[in-house]
Amino acid sequence: AGMSWYFIAFFVAVGHALRAPIAPALPGYPKSRLLGVLPSFRRDAAGCLAAHASYCRREGLDAVALNMGLLGTFTLVVGAEQVASVFEDGESVMFKSAIDRRGVGLLTGIGVLLADGKEHTRKRRLVLPSFDARRLTAYVETMSDISKQVADELLGAADAAPPGGAATFEASNTMSSAALRIVGLCLFSSDPAGGSDAATKDFGSALEECLEHTAWISRSALPPPKWLPTRRNRRFWRNLRVLDSFVYGLIEERRSALSAEGGARGGDGQRGDLLDMLLSAQVVDEEAERAERDEAAATTTGLSTTEVRDEAMTLLLAGHETSALALTWCLHFLSSDEMVQWRDEIAEEGRALLRHGATPARLEEQMPRTRAALCEALRLRPPAWAFDREVQRAVELPGGLELRKREILLLSPFVQHQDPRVFAEPHRFDPSRFMSEAGELAEPWDGGYDRFEYIPFGQGRRRCIGYRFARWEMLVILATLLARVEVTRPSDYSAPPMEGSVTLRPATEFELVVSRRASA
């Protein structure tokens, strides 16, 4: 019966595609009546959206409808007023689409990333205390320790290179491992990338495999049902079991420690991290039920074991993937010969960081060049490069743009950051655009741009909950590395193409040359 409904859905989707409006034909992105722009989107999602955004700007349009064939029709919104309205006022009428839930949701469940409405507000309030100023200050020491360890590893590789030879490292894997260790230790007091047992050692590779599968699911018009034992599905569920084994193991271990102490606050079983907060919410729920309080009131305060798992998985994914990618792209840009002066200036800020220690004041106020380089990398290659929203009821955006119920919107920081009316020479890596004439950061993290012109962390009530954690982490890692090693490109280097999937990532791995800095 399930398979029958699957094929019925196929023919319904084909009928919808035949009635969908055809987007204008653009060079390099051919369309067809049945599949629309979907083949071009699957081949080069980021380039496809950028080309249609450029078309809108040439024609003076605020949005354009994209026929995605069997996926339906998406509306790409590029007008500044319309984008601002979606971020500011759209929370109650625009929810995450089913495409996100069927893709990323397979991995994260319905955590704070995918929840909507009141459920999103509830989950966000539970997680938010983990990113308050006091805890962020405590996390900086861990960020610094891991960054020094990565720098030591790269220095060791550089020193071991044969005379006349060059040591190289794979940028994305190195940054991913560092970011995963930081988020694991800061939020869960555990190191998923550097543990001693097989489960934790396999965590990083299993996570990469799961991310690749969810990206494929999101781009597929009719992916196989998750219960169908295809080779892809079997591999995904095998890797997901590795992740779940680690996360559920953390939950049970911490719960046992808390239970042994009777949930006493400040006991040896409590670490004061995100996992403690989630499990404390669970304890409140159980105590309320035992006290025979109103059941409806009790269940709104607590999280089930599955919900704790979903929030933990969400934060492990979102807390390391985006930071790692931003650092990877930043190293790609900074490693060019034209950026040698920027590398030297960032190295100087990094040496001051190592001498005096990483403090919030130093990170926010005394590292303008490191921050400007990261801001520019986030402009050109924002890891959270596109968002979708499904309209819950008919609504009109500024400029008379009417949206129908169940219409899917696309908003893309990647294409917004390429608007030549806002960013001169938008395709050029130029950190100085985030600096004032006095050589300082024009405005903290936004360069003085309108908050809906520069949106690497999103905006509104769904703005990235850990954006301050992410930017401090990136500052510490980048400055520490460049203070101790020089990073350049090999002679046969070619720029990695972009792959716009769940995140904006390099389509291929790439290696950079590492050597010891003379002052290291």
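Biologist: What percentage of the 520 residues of the protein count as buried?
Modeller: Bear in mind that this is a predicted model. A residue counts as buried here when its relative accessible area is under 20%. Of the 520 residues of the protein, the share that passes this test is 56%.

Biologist: How many helices and how many strands does the protein have?
Modeller: Both kinds of element are present. The count gives 19 helices and twelve strands.

Biologist: Which residue in β2 is the bridge partner of N67?
Modeller: β1 and β2 (residues 73-77) run antiparallel. Five bridges join the two strands. For N67, the bridge partner in β2 is T73.

Biologist: Are α5 and α10 roughly parallel or roughly antiparallel?
Modeller: Helix α5 (residues 98-108) packs on helix α10 (residues 203-219) with the axes 8 Å apart. The angle is about 165°. Angles over 145 degrees count as roughly antiparallel. The pair α5 and α10 is therefore roughly antiparallel.

Biologist: How many nonpolar residues does the contact of α5 with α10 have?
Modeller: From α5 come I99, R102, G103, V104, L106 and L107. They meet L207, C210, L211, H213, T214, I217 and S218 in α10. By class, four residues in this contact are polar, one is charged and the nonpolar ones number eight.

Biologist: Are α17 and α19 roughly parallel or roughly perpendicular to each other?
Modeller: The axes of helix α17 (residues 368-380) and helix α19 (residues 467-484) come within 10 Å. They cross at roughly 115°. The range from 65 to 115 degrees counts as roughly perpendicular. So α17 and α19 are roughly perpendicular.

Biologist: Which residues in α19 do T370, R371, L374 and L378 meet?
Modeller: Those four residues belong to α17. Their partners in α19 are M474, L475, L478 and A479.

Biologist: How many charged residues does that contact of α17 with α19 have?
Modeller: Sorted by class, six residues in the contact are nonpolar. One is polar. The charged count is one.

Methods: Residues numbered from 1 in each chain as written. Predicted model: local features only at pLDDT ≥ 70, side-chain atom pairs only at ≥ 80, totals over all residues. Heavy atoms only, no water. Axes fitted to C-alpha atoms, helices over the stretch in contact; angles between N-to-C directions. Parallel < 35°, antiparallel > 145°, perpendicular 65-115°, else oblique. Contact = heavy atoms within 4.5 Å. Nonpolar A, V, L, I, M, F, W, Y, C, P; charged D, E, K, R; others polar. Pairing = 2+ DSSP bridges. Buried < 20%, exposed > 50% of the residue type's maximum accessible area, 1.4 Å probe, protein only.
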